[in-house]
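Please look over the sequence and the model below before reading on.

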Amino acid sequence: MEHTATYIGLIPLFPLVGALVLGLMHMLTCTKNPFPEKLYGILACVGPLLSFFLALVVYYHLKGLPAEERFLSHNAFTWFAVGDLQVNMGFLADPLSSLMLLFVTFIGSLIHIYSIGYMAGDKNFGKFFAYLNLFLGSMLILVLGSGPVVMFVGWEGVGLCSYLLISFYSEDTDNVLAGNKAFIVNRIGDLGFVLGMSFLFWAIGTHGFDYLSLKANAHNLTPGIGIAVCLLLFIGACGKSAQIPLYVWLPDAMAGPTPVSALIHAATMVTAGVYMVARFSFLYAHFPLAGSIVAWVGILTALLAAFFGMFQKDIKKILAYSTVSQLGYMFAAVGIAAYSAGIFHVFTHAFFKALLFLGAGSVIYALHHQQDIWKMGGLKDKMPKTYGTMLIGALALSGAPLFSGFFSKDEILFSALASGHTGIWIIGVLVAGMTAYYTFRMIFLVFHGEPRDKEIYDHAKDAPPVMTIPLIILAVGAAFAGVLNLPGIFGGSLNISHWLAPSLVEHHPHVSIWIEILAIVTSIAAFAAGITIAYRKFGHGAEEPEYTGFAKFGYNKFYVDEIYNAVFVQPYKAVGSVISKFLEPNVTDIHVKLCTWLYQKAGKAFKVFQVGYIRVYAIYMVIGLSLMSLFLSQSLK
Amino acid sequence: MFEHALSVMIFLPILTGLVMLLFPLSKGTARITGFVVTVAILFRGIEIFLGFTGTGGMEYVESHSWIQSLGISYGLGIDGISLLVLMAGTVLFPMVFTIFKTQSKGYYANLLIAQGAMIGTICATDLVLFYIFWEVMLLPIFFMIGLYGGPKRIPATLKITIYTIAGSLLMLAALVYVAVSYHTQFGKWTFDIVQLSELNLGSGFAVWAFLMFMIAFAIKIPLFPFHTWLPDAYTEAPTSTTFVLSAIMAKIGVYGVIRFVVPVFEIEFARFAVLLSLAGVTGMIYCGLAAISQKDMKRMLAFSSASHMGIIALGVFCMNVQALTGTLFQIAAHATSTGVLFLFVGLMEERMQTRKIEDLGGIAYRAPIFATFFAIAMLASVGLPGTSGFIGEFLIILGAIKFNAFIGILAGTTLIIGVCYMLWMFQRVFFEKSNERTEEFQDLNVSEALTFLPVIVLILAMGIFPQTFIKKIEPAARQQIVKVFTIPQAQVADTTVPTLGHNNHKK
Amino acid sequence: MIQDYLILSVILFCLGILGVITRRNVFTVFMSIELMLNAANLAFLAFSRLHESMDGHVLVMMVMAVAAAEAALALAVVILLHKHKGKLDTNVFSLLRG
Amino acid sequence: MHDFISLLPLIIIGSGAILLMLFSAFEKIQLETASYISMGFFAAAFLAQLLVGCGPETVLFDKIFNGMLVSSNFTMIAGLIILGCGFFTAMNSHTYFKINLFCTLEFYAIMLFGACGMLLLTLSQELITAFISLEIMSLSIYILVGYDRSNVTSTEAILKYLMLGAFAGAFFTMGTALIYGGTQSTKFAEIGSFVAGHSGTNPLVLGGVFFIFVAFLFKAAAFPFHAWVIDVYDGAAAPVTGFMATALKTAVFTIFANFLAINGALHKDWITFLFYIAVFTMFGGNLIAIGQNSIKRMLAASGIVHSGYLLIALVAISTDNFTGTVVGYYLAAYAVGTLGIFSALSYLAGEGEKRATFDDFRGLANVRPYSAAAITVFLLSMAGIPPTAGFMAKFYVITSAFTAGHMTLAVLGIVSSILSMWYYLRLIIHMYFHEAEECFETGGSPLAAAATFILVFCVFAIGLYPIVI
Amino acid sequence: MFAEGLFSAFSVLAVLGALGLILFRHPMQGAMSLVVTMISLAGLYTLLSAKLIFVLQLIVYAGAIMSLILFIIMFLNIQPEDLPEETGRFYYFIGGIVILIPIASFLIKIMKSLPGTEATIVGNGFGGVKEVGLVLFQDWLLPFEIVSILLLVSLVGSVVLAGSKRRLSK
């Protein structure tokens with residue numbers, strides 16, 4: 001017991017140490033004679049694998065405990081304590097975080113392995129793995145943190161790593177700009193997080209600022225503050241998990257190396273927001289208003305992103321929008337208090353989205369960094385393993401029956417329907433159809449039909465085993481992960497939901513089985529409709545259409561980036577230059593300038609009085625005397 | 001030596017500096033002498049830090065009567081409030097001597113005098129003594145900017161000097177007023193801050209005196225809208241002077257508010273707190289926005305520094321223990337991060353003869369160590385958790401929320417504003433394509449790397465193990481708050497009981 | 001009436017001031033100052049008479065001595081000035097100004 | 001006996017003056033010897049003054065002198081300052097007249113006479129004695145100012161000073177007459193008891209005090225009686241300017257303070273009046289100083305400002321137990337700083353004082369680093385930057401103003417001090433931050449330089465150990 | 001009655017002399033007018049029973065000092081063309097009078113505040129040589145002594161300033 005608790009602290013430590021070692025190695029040697037890639041690769045994988053191993057240990061340890069006592073906490077040291085604020089560098093492993101731990105370390109390790117192949121030959125090989133390890137470490141801190149402040153450490157850490165990795169190919173300005181965008185947008189969210197935390201602290205945190213104490217004190221929260229805190233925290237989640245209105249960074253983030261997109265922008269980091277809302281389920285459950293705002297923002301994001309995804313031509317952008325869209329689902333789930341459904345979707349999504357990204361990465365790798373799906377085509381013969389695994393991923397994503405995505409998405413839609421959020425349910429079903437459509441649009445365009453660019457096509461081949469083996473493992477996960485939370489109707493027992501129950505505050509509505517069937521049928525119908533349309537349009541090869549009208553509007557993402565640029569970025573810059581060019585010298589400094597000016601003028605003016613004539617000097621004296629006499633004459637009376 | 005640790009720390013550098021000025025010495029000897037002295041000071045500083053018990057009272061006290069007729073004494077002491085400021089003043093100085101080799105003898109002498117005076121300002125517990133060091137501190141700065149600064153150094157020098165002296169003279173009037181009021185109330189003369197804090201100032205002039213004090217400190221900090229000297233001075237000053245200005249001198253302004261204004265003028269302070277905190281926040285936003293359109297890297301950092309000082313000052317005005325501790329911590333944190341950034345810019349200027357952001361690019365590829373160090377300092381400056389910058393900023397925002405939600409939210413925007421210009425700069429300087437100029441950029445050599453390494457480690461250590469520092473400053477901050485603000489008894493009891501619990505918990 | 005003497009003294013004193021501030025001739029200026037001293041002397045004597053004490057007489061003697069000493073010096077200066085410029089205009093001597 | 005010892009410095013100086021005057025009849029005696037002799041007399045008198053260690057107020061030779069001379073701690077301080085100034089001036093003159101050849105032996109005699117007059121002025125507690133002492137002092141200074149007969153500016157300076165000084169002197173006599181008319185006496189003590197014995201303001205006393213103030217304010221160069229001072233300082237030789245800027249001001253302010261301290265009632269009537277004078281003096285002086293290009297003129301204008309501060313101290317005089325420490329300390333601090341600069345000017349200015357303007361001082365720090373440093377110290381002291389004497393002086397003045405309840409005056413004093421920063425710093429900037437355009441070496445003897453560095457030491461000594469006063 | 005008549009006559013003469021001093025363009029005429037004033041003043045002094053001062057006024061002031069001044073004026077041989085232009089003299093007078101009005105009215109107000117006393121001649125040796133001398137040497141010894149220093153200074157000064165040039169060589 002004691003030992004296991006201390007292990008928790010080690011889980012994030014392994015990758016962090018790895019990052020440090022790798023970083024130092026790279027930093028000190030990269031300009032002269034770098035170490036061999038193999039050494040980096042091995043060192044890089046050690047940390048995540050050890051963490052994964054420990055995560056398993058923790059999981060089994062927890063499993064061995066009675067359901068109500070399933071938590072391990074370990075305070076490494078007091079981080080800082082000021083007045084009533086007591087923040088420990090503490091870690092908490094409970095069902096929720098252990099589940100997150102498992103798949104984060106698992107998928108993280110796989111992606112590390114995959115990257116060894118993908119990044120081969122890059123001159124910053126060592127740096128890449130240092131960042132990757134750092135990222136994983138931060139993510140684990142985020143997941144394991146025993147209180148909001150520690151979570152925030154990981155929260156910002158992953159933001160930083162995302163910045164570093166997106167701008168990894170930093171010679172290209174666009175990449176760096178994308179990185180900046182990611183970091184800044186994330187920071188906007190973080191502001192919400194920090195403010196939320198602060199309000200939370202003053203409301204109920206003065207008797208301990210970790211989840212357990214907060215949960216115990218949550219009933220003291222007044223509705224006003226409570227809703228404010230929920231919404232502020234949700235702003236943080238929006239930033240991290242790319243929800244309206246802060247989703248804009250995620251598509252741009254595809255500028256980073258593909259494994260990064262897989263790891264950060266699909267499987268782990270972006271789900272942090274969902275995880276956070278689930279963590280604070282004791283708050284959101286208290287304030288349904290806040291929850292429904294979350295749910296609506298989520299489902300609208302899902303709709304919007306799915307819509308954008310239908311028109312993209314960059315394979316990674318499609319996946320990025322699909323990620324945004326799926327994240328919308330998750331928020332819809334946690335918003336309607338179906339936390340376990342949301343987390344379950346996080347879980348399955350991690351598998352199939354990582355798979356899809358890595359698959360896309362393989363494609364890109366094979367096509368020498370060609371990402372335009374309109375340049376691909378017919379690759380299924382050239383790259384069978386990639387095709388097979390990606391197909392599984394696509395099916396899972398689209399919610400094909402019996403694949404993992406089907407169960408998790410269905411769970412969400414069912415919960416929406418069951419809890420009476422009909423609107424969310426309708427949109428959810430619609431989005432499910434759209435998801436199937438754009439996913440298979442991508443699959444068809446990439447792998448089916450005739451090759452559009454012969455030269456690229458000829459050189460394409462499957463990736464080396466170090467890349468394909470992770471794909472296969474993930475494919476297995478993507479296909480069967482749903483089994484872990486099989487609902488009763490399929491003879492399962494909602495294992496994950498039950499596992500998570502001690503960590504979450506949720507109520508499972510008891511509804512008739514018909515509603516459940518209705519939900520399942522509609523999602524299958526939506527899936528079928530989406531895939532059919534996609535097959536009709538793209539199944540046999542198609543030429544790139546001219547985007548006109550509404551499609552153009554969609555292709556350009558409703559010009560949201562441009563609007564943001566015009567509304568926020570440009571004014572910001574303009575204000576900056578107004579301040580430094582106009583305000584600073586002419587207005588703020590005016591008191592100094594005015595004083596100086598007056599001073600010099602007065603000096604010049606007074607010089608005139610020193611005429612040098614004795615008579616005039618005498619006149620000054622007499623004038624002075626005269627005035628004083630006037631003054632004194634008054635006082636004589 | 002051991003009873004007079006603080007006196008030694010003050011006068012060793014001052015005297016060495018004067019001797020260096022008066023006697024002919026070669027440049028190299030001067031530099032080595034300076035280095036040895038500052039390292040000696042550093043060790044004494046560390047010794048003081050380690051020996052500091054952190055009970056909230058004054059330690060290492062020295063007190064000798066000086067001018068009896070007015071009760072002026074030579075009083076020195078260190079408590080939690082001044083500890084970290086003192087550390088900032090001692091720890092960072094040796095770097096200046098190792099990194100920049102080209103300055104002349106007079107420059108090194110001035111640096112030493114500046115250090116001594118700054119330590120004096122920090123340690124003084126007597127208002128007059130404080131004032132004396134406070135003014136003396138400015139003189140070396142004046143000469144360093146004026147003699148060794150950039151092309152537009154003379155207007156900049158004049159501006160900083162006259163501006164700050166104007167402020168401090170007003171403070172002189174105010175401090176005399178305070179002592180005179182004490183004399184009329186208690187019938188004896190004293191300038192000791194502990195005794196003066198018992199004063200009840202009720203009359204109309206107290207407000208003016210308070211404002212005079214605040215103007216003096218606001219100029220030094222600098223608080224919006226008294227910051228206009230800062231960009232010019234920081235830009236034109238030689239880099240190590242800028243470093244001294246930003247890392248230590250500006251902090252002493254904040255320190256002065258905590259040490260001298262708050263205890264004496266509690267009522268006025270509470271009355272003006274909202275206004276002052278608004279000034280802090282406005283300055284933060286204003287300077288942060290101005291920073292983004294700067295073309296000169298040093299000027300950008302100058303604005304960034306001003307922006308951070310706004311936040312640091314805000315922590316004082318929020319009147320709760322979190323914000324105050326945050327400020328005290330952030331004083332040291334900001335000294336390490338921004339100070340080091342200035343030094344880095346100085347190095348870059350030395351190597352490439354330019355500070356223009358547009359002329360640079362791609363340094364990260366040539367100089368990974370430099371880039372990494374720079375990035376760490378930069379991240380600390382934007383307040384990333386795990387670095388020193390986060391703790392203070394978080395505590396200040398937390399405290400500000402308690403004080404006034406609106407101001408708190410505005411203060412929070414520092415998270416965004418800071419990151420905008422920093423990333424923008426980092427992108428153009430370290431990323432993107434390198435050009436002819438930056439092709440030749442040499443990475444840090446071993447001695448430079450070893451010089452910076454302790455500070456970089458300190459930045460991380462302060463982020464990861466801040467409690468080492470906080471536990472020494474927090475009791476003093478708490479005392480300050482409790483002593484000063486007349487909180488109803490019940491509330492006082494409420495706040496002290498859990499803190500006792502925490503103390504037990506810590507052990 | 002004693003007041004008449006005093007008022008006469010005031011008039012003479014004011015005329016002396018007038019001479020100083022309106023004239024540019026060094027001699028006239030100097031003699032106007034002497035006039036002012038004389039006016040003061042008259043006042044001394046009038047007060048002395050008023051109080052019937054002879055202290056005022058002594059004071060007058062002192063003032064006379066001072067006037068004599070000043071006169072000696074002033075005339076030496078006048079000679080010096082004349083040597084320099086050949087003029088007695090005070091306005092000529094305004095090299096030091098501004 | 002004690003009375004005699006108290007008068008000893010005066011006697012030493014007086015006999016020295018007469019001795020030197022007699023010596024000047026002999027062609028054989030060298031000018032340098034004369035300066036050494038005068039230095040010797042000043043030093044002897046200084047030591048004598050120091051030995052007196054005067055306690056409370058004592059009337060000297062009450063029977064013979066009829067209570068006209070009173071010595072006190074304050075007068076001792078003033079005496080020390082005057083004699084010190086004289087000593088350093090003699091040193092400066094030694095150097096100065098090696099470069100500028102217009103001196104004769106009488107110079108030192110007259111300087112000693114002047115010092116004699118000043119000492120008398122500080123001691124005198126009677127109006128006509130004060131008037132005669134004032135005239136002794138003034139006449140001596142007039143002569144010293146116009147000593148360079150071949151120089152037209154010097155002659156112009158003496159003309160201005162003499163004419164306006166005599167003009168002011170006429171007011172003094174009129175004032176004395178009025179006071180005599182009002183109180184039947186010219187002795188301070190009797191005036192005091194008269195004022196105390198009569199409630200309400202006696203118009204004659206009011207008018208008399210008013211005219212006497214005019215004379216004092218004129219000598220102290222207070223606004224609006226300040227205009228002469230700049231031209232006169234400019235026209236006089238550097239050591240003379242130093243002497244008149246310091247010793248003369250000390251003497252005048254001592255008698256002024258003594259006069260004001262006669263009686264609380266008198267003081268109360270005049271506070272408002274002096275308040276405005278002080279304010280105008282400070283600001284007027286500053287505004288004149290800004291525009292000046294010549295160092296001496298700038299220093300003259302800054303002297304006006306310092307008079308303003310001294311007036312603040314006078315306003316804040318507590319008449320109940322008047323000790324004059326504040327005034328005395330300020331005078332000492334001011335004297336040390338100003339005299340220091342004039343010492344430096346004595347040997348830096350060169351023949352015919354050709355190094356005169358700010359521009360001429362460009363880059364002095366490169367050519368004469370120690371002198372530049374010394375001048376910097378003096379300027380900082382005058383500007384009131386710690387840890388110099390000037391700071392402590394200003395501090396005392398501000399403290400006394402606050403103690404007396406004159407908040408506005410104290411604050412205005414501070415504001416004026418801010419204004420004065422510019423021209424002090426300007427010289428420092430010229431010396432340090434500009435490159436030298438042309439530089440020349442100056443000869444002369446090392447005495448003035450020695451004086452400069454002794455004074456630098458004094459600046460810090462007085463500043464850090466104000467107990468000496 | 002006779003005394004009052006004398007007073008009127010003398011005072012009118014004194015004022016006229018003073019006016020002459022400030023109005024005559026040539027200093028010589030001014031000096032002569034001043035002599036008139038001084039003699040009138042001497043007359044007034046007798047009316048105030050100041051016998052000794054009457055004599056001193058005539059001997060020292062009207063005699064010695066004024067002779068000296070006249071001597072210098074003659075010595076310098078001032079021609080009318082050497083005299084200052086003083087074109088705007090009239091305006092200066094007007095302005096000067098305006099400035100002086102407050103001072104004069106203030107002084108007169110002071111003088112008026114005194115009780116009116118007849119200025120009759122006081123007998124019994126008031127203001128006689130012996131009596132004044134006794135006062136001088138009993139009560140006013142110090143000023144008397146220091147006046148000698150003053151005169152000495154003035155003597156030396158005149159020699160230095162106006163005497164023959166003696167330049168010291170190094």
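This is a predicted model: local features need pLDDT of at least 70, side-chain atom pairs count only at pLDDT 80 or more; totals for chains, interfaces and linings use all residues.

Is Q353(B) buried or exposed? Because 9 other C-beta atoms lie within 10 Å, Q353(B) is exposed. The backbone of Q353(B) has a positive phi of about 60 degrees, although the residue is not a glycine. Most residues other than glycine have a negative phi, and most peptide bonds are trans. A positive phi is also found at Q184(D), likewise not a glycine, where the angle is about 65 degrees. Q184(D) belongs to the loop between helix 7 (152-183) and helix 8 (188-197) of chain D, and it counts as partly exposed because it has 18 C-beta neighbours inside 10 Å.

Chain B also holds peptide bonds that are cis. One of them joins I221(B) and P222(B), with omega at about -10 degrees, and another runs from F224(B) to P225(B), with omega near -5 degrees. P222(B) is placed in the loop between helix 9 (204-220) and helix 10 (229-236) of chain B, and P225(B) is likewise found in the loop between helix 9 and helix 10 of chain B.

Chain A can be described next as a whole. Its 637 residues include 60% that are buried, and its secondary structure comes to 26 helices and 2 strands. Along the principal axes, the C-alpha trace of chain A spans about 115 × 60 × 55 Å. Of the contacts in chain A between residues at least 6 apart in sequence, 81% join residues at least 24 apart. The chain is divided into domain 1 (287-548), domain 2 (556-583) and domain 3 (589-636), and the C-alpha centres of domain 1 and domain 2 of chain A are 35 Å apart.

How do the chains meet one another? Among the 8 pairs of chains that touch, chains C and E have the most contacts. Chain B and chain C, by contrast, do not touch, and their nearest C-alpha atoms are 25 Å apart. Nor does any contact join chain B and chain E, whose closest C-alpha atoms lie 34 Å apart. Chain A does touch chain E, in a contact that takes 9 residues from chain A and 6 residues from chain E. On the chain A side of that contact, 6 residues are nonpolar, 3 are polar and none is charged.

The contact between chain E and chain C takes 72 residues from chain E and 62 residues from chain C. On the chain E side, the elements that give two or more residues are helix 1 (2-23), helix 2 (27-47), helix 3 (51-76), helix 4 (89-112), helix 5 (129-139) and helix 6 (141-162). The residues of that side divide into 54 nonpolar, 11 polar and 7 charged.

Two packed helices are described by the angle between their axes and the distance between the axes. Helix 3 (residues 55-85) of chain C packs on helix 6 of chain E at an angle of about 10 degrees, with the axes 9 Å apart. Since angles under 35 degrees count as roughly parallel, helix 3 of chain C is therefore roughly parallel to helix 6 of chain E. Residues that make this contact include M62(C), A65(C), V66(C) and A69(C) of helix 3 of chain C, and P143(E), V147(E), L150(E) and L151(E) of helix 6 of chain E. By class, the contact of these two helices has 16 nonpolar, 3 polar and no charged residues.

The last topic is the nonpolar core. The largest such core has 795 residues, of which A354(A), A173(B), F213(B) and Y330(D) touch the most other members. Helix 3 of chain C gives the most to this core, with 21 residues. Both domain 1 (287-548) and domain 3 (589-636) of chain A give residues to the core, so it lies between them. Leaving aside residues up to four places away in sequence, A354(A) touches I107(A), I111(A), A262(A), A266(A), A267(A) and L474(A).

Note on methods:
Residues are numbered from 1 along each chain as its sequence is written. Chains are lettered from A and ligands numbered from 1 in the order in which they are written. Two residues are in contact if their C-beta atoms, placed from the backbone, lie within 7 Å. Ala, Val, Leu, Ile, Met, Phe, Trp, Tyr, Cys and Pro count as nonpolar, Asp, Glu, Lys and Arg as charged, and the others, Gly among them, as polar. Domain bounds come from an automatic or database domain assignment. Helices (H or I, at least four residues) and strands (E, at least two) are DSSP runs, numbered from the N terminus. A residue is buried if 20 or more other C-beta atoms lie within 10 Å of its own, exposed if 12 or fewer, and partly exposed in between; C-beta atoms are placed from the backbone. Axes are lines fitted to C-alpha atoms, for helices over the stretch in contact, and angles run from 0 to 180 degrees between N-to-C directions. Angles under 35 degrees count as roughly parallel, over 145 as roughly antiparallel, 65 to 115 as roughly perpendicular and the rest as oblique. A nonpolar core is a set of buried Ala, Val, Leu, Ile, Met, Phe, Trp, Tyr and Cys residues joined through C-beta atoms within 7 Å.
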